[in-house]
Amino acid sequence: MNVLANDGISQSGIDALEKAGYNVSTTTVAQEQLINYINEKDISVLLVRSATTVRKDLIDACPNLKIIGRGGVGMDNIDVEYAREKGLHVINTPAASSHSVAELVFGHLYGLARFLHNANREMPLEGDSNFKGLKKAYAKGTELKGKTLGVLGFGRIGQATAKVALGAGMKVIAFDPFLEKANLELEFFDGQKVNFDIETISKEDVLKQADFITLHVPAQKDYVIDEAEFNMMKDGVILANAARGGVVNEVALVKAIESGKVARAALDVFEKEPKPEIQLLMNPSLSLTPHTGAATNEAQDRIGTELASQIVSILG
Ligand SMILES: NC(=O)c1ccc[n+]([C@@H]2O[C@H](COP(=O)([O-])OP(=O)(O)OC[C@H]3O[C@@H](n4cnc5c(N)ncnc54)[C@H](O)[C@@H]3O)[C@@H](O)[C@H]2O)c1
């Protein structure tokens with residue numbers, strides 16, 4: 001059987017599929033040529049990440065397709081319900097990248113707390129002529145230890161981020177309208193484990209108490225953080241959004257930075273991808289990454305092998 005991994009797949013995933021007797025193609029076929037390619041090459045399994053879209057027209061035009069697989073979590077690029085109505089299996093790998101996203105958030109938070117995002121921009125320009133000036137500019141850093149992290153959305157990634165925070169010595173508070181409490185198991189290198197119960201509290205309390213706020217909610221109709229929410233936050237809060245563009249109102253964020261309500265913020269996701277607003281890209285108070293939360297070798301390996309094992313268990 002033929003598998004097309006149109007947005008790529010890890011070598012570990014290819015190996016697992018080939019071992020089970022599948023042919024795997026990693027050619028990136030242009031969106032408008034995809035239907036022809038799938039039919040001509042008799043593709044049974046189409047694997048995508050976020051770049052390729054799988055809409056009704058493709059599902060209708062490719063009757064031999066059996067599985068649509070998304071390496072990662074969000075399936076906004078696939079007409080999932082429609083595909084399932086037509087008898088296709090739609091699979092994803094929801095847990096594979098949680099820890100990678102959590103670590104990216106912490107990369108940003110540690111960086112923002114010590115102005116690394118600015119120092120890395122300015123040292124190449126002024127590091128020799130204005131060393132002392134830069135040293136003074138970045139003198140008021142803060143530690144994360146002992147500070148309060150507010151987690152909005154306490155699912156897989158929210159909980160993974162909370163674990164990293166607990167390991168870093170932070171207090172963790174969380175809001176999730178669909179979850180009352182969670183038990184977090186922190187595993188250490190030598191097999192020791194610590195269990196931690198966290199009860200969620202109201203959104204307002206999280207916003208009021210947190211020194212650092214991180215969002216891990218799914219895409220939704222309304223902003224989760226808009227002007228009213230910014231107004232409830234502590235002055236000088238640091239915010240991170242590695243969830244989805246559109247859960248934070250970017251215009252309200254820039255205003256909150258200008259007023260000093262938000263000291264600094266990190267964005268891995270943007271309302272306009274792949275062309276974020278220039279006001280964000282040029283803003284010195286922002287630490288920016290191009291949607292790379294899940295982009296680690298470890299996460300890609302887990303995504304590949306998880307997809308392979310699901311395909312094998314469905315198709316044999
Ligand atoms: N940056 C990246 O590269 C990257 C990678 C993977 C996933 N993500 C995104 O991260 C987000 C979280 O993923 P996950 O796997 O943890 O999902 P999840 O479904 O496990 O958790 C999401 C949680 O948010 C809660 N929630 C829903 N609406 C809420 C609201 N308004 N306020 C507070 N909580 C709310 C849900 O009850 C759920 O517990 C998703 O948006 C996903 O697309 C980003």
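Which residues does UniProt give for the feature "domain: S-adenosyl-L-homocysteine hydrolase NAD binding"? The UniProt record, an unreviewed entry, places this feature at residues 127-303. UniProt positions are given in the numbering used here, feature names are shortened, and annotations may be inferred rather than shown by experiment.

The structure is a predicted model, in which local features need pLDDT of at least 70, side-chain atom pairs count only at pLDDT 80 or more, and totals for chains, interfaces and linings use all residues. Residues are numbered from 1 along each chain as its sequence is written, and side-chain values use heavy atoms, with hydrogens and water left out.

**First stop: residues 127-303**

Select residues 127-303; this stretch is 30% helix and 24% strand. Its end C-alpha atoms are 41 Å apart. Helices (H or I, at least four residues) and strands (E, at least two) are DSSP runs, numbered from the N terminus.

**Second stop: the ligand**

Gln-220 places a polar side-chain atom 3.0 Å from a nitrogen atom of the ligand. In the side chain of Arg-244, an N or O atom is 3.4 Å from an oxygen atom of the ligand. At Ala-294 a polar backbone atom takes part, 3.3 Å from an oxygen atom of the ligand. Taken alone, the ligand exposes 870 Å², of which the protein buries 86%. Accessible areas come from the Shrake-Rupley method with a 1.4 Å probe; for residues, only the protein chains shown count as cover.

A nonpolar core is a set of buried Ala, Val, Leu, Ile, Met, Phe, Trp, Tyr and Cys residues joined through side-chain atoms within 4.5 Å. Buried means under 20% relative accessible area, exposed over 50%, and partly exposed in between (1.4 Å probe, protein chains only).

Select Leu-215, Phe-230, Leu-239 and Leu-253, which touch the most other members of the largest core, a set of 28 residues. At least two residues of this core come from each of helix H9 (203-209), strand E10 (212-215), strand E11 (237-241), helix H11 (250-259) and strand E12 (262-267). H11 supplies the largest share, five residues. Apart from this core lies another, of 27 residues, including Ala-113, Ala-162, Ala-174 and Ala-266.

Now centre on Phe-230 and show its contacts (heavy atoms within 4.5 Å). Not counting residues up to four places away in sequence, Phe-230 touches Ile-225, Leu-239, Val-248, Asn-249, Ala-252, Leu-253, Ala-256, Lys-261 and Val-262.

Along H11, the buried residues are Glu-250, Ala-252, Leu-253, Val-254, Ala-256 and Ile-257. They pack against H10, E11, E12, H12 and E13. At the N-terminal end of H11, Asn-249 forms a cap, with a side-chain oxygen 3.0 Å from the backbone nitrogen of Val-251. Just after the helix, Gly-260 takes a positive phi of about 90°.

Move to Glu-229 in helix H10 (residues 227-232). Glu-229 is buried, with a relative accessible area of 15%. Its contacts, not counting residues up to four places away in sequence, are Lys-203, Leu-207 and Val-224.

Select Phe-115, in the loop between helix H5 (98-113) and helix H6 (116-126). Phe-115 is not a glycine, although its phi is positive, at about 65°. This residue is buried, with a relative accessible area of 11%. In H6, the buried residues are His-117, Asn-118 and Ala-119, and their cover includes H5, E12 and E13.

His-291 also has a positive phi, of about 55°, although it is not a glycine. It sits in the loop between strand E13 (286-288) and helix H13 (297-315). Is His-291 buried or partly exposed? His-291 is partly exposed, with a relative accessible area of 37%.

Finally, select Glu-273 and Pro-274, which are joined by a cis peptide bond with omega of about 10°. Pro-274 lies in the loop between E12 and helix H12 (278-281).

How values were computed
A polar contact is a pair of N or O atoms within 3.5 Å; within protein, one must be able to donate a hydrogen and the other to accept it, and residues adjacent in sequence count only if both atoms are side-chain atoms.
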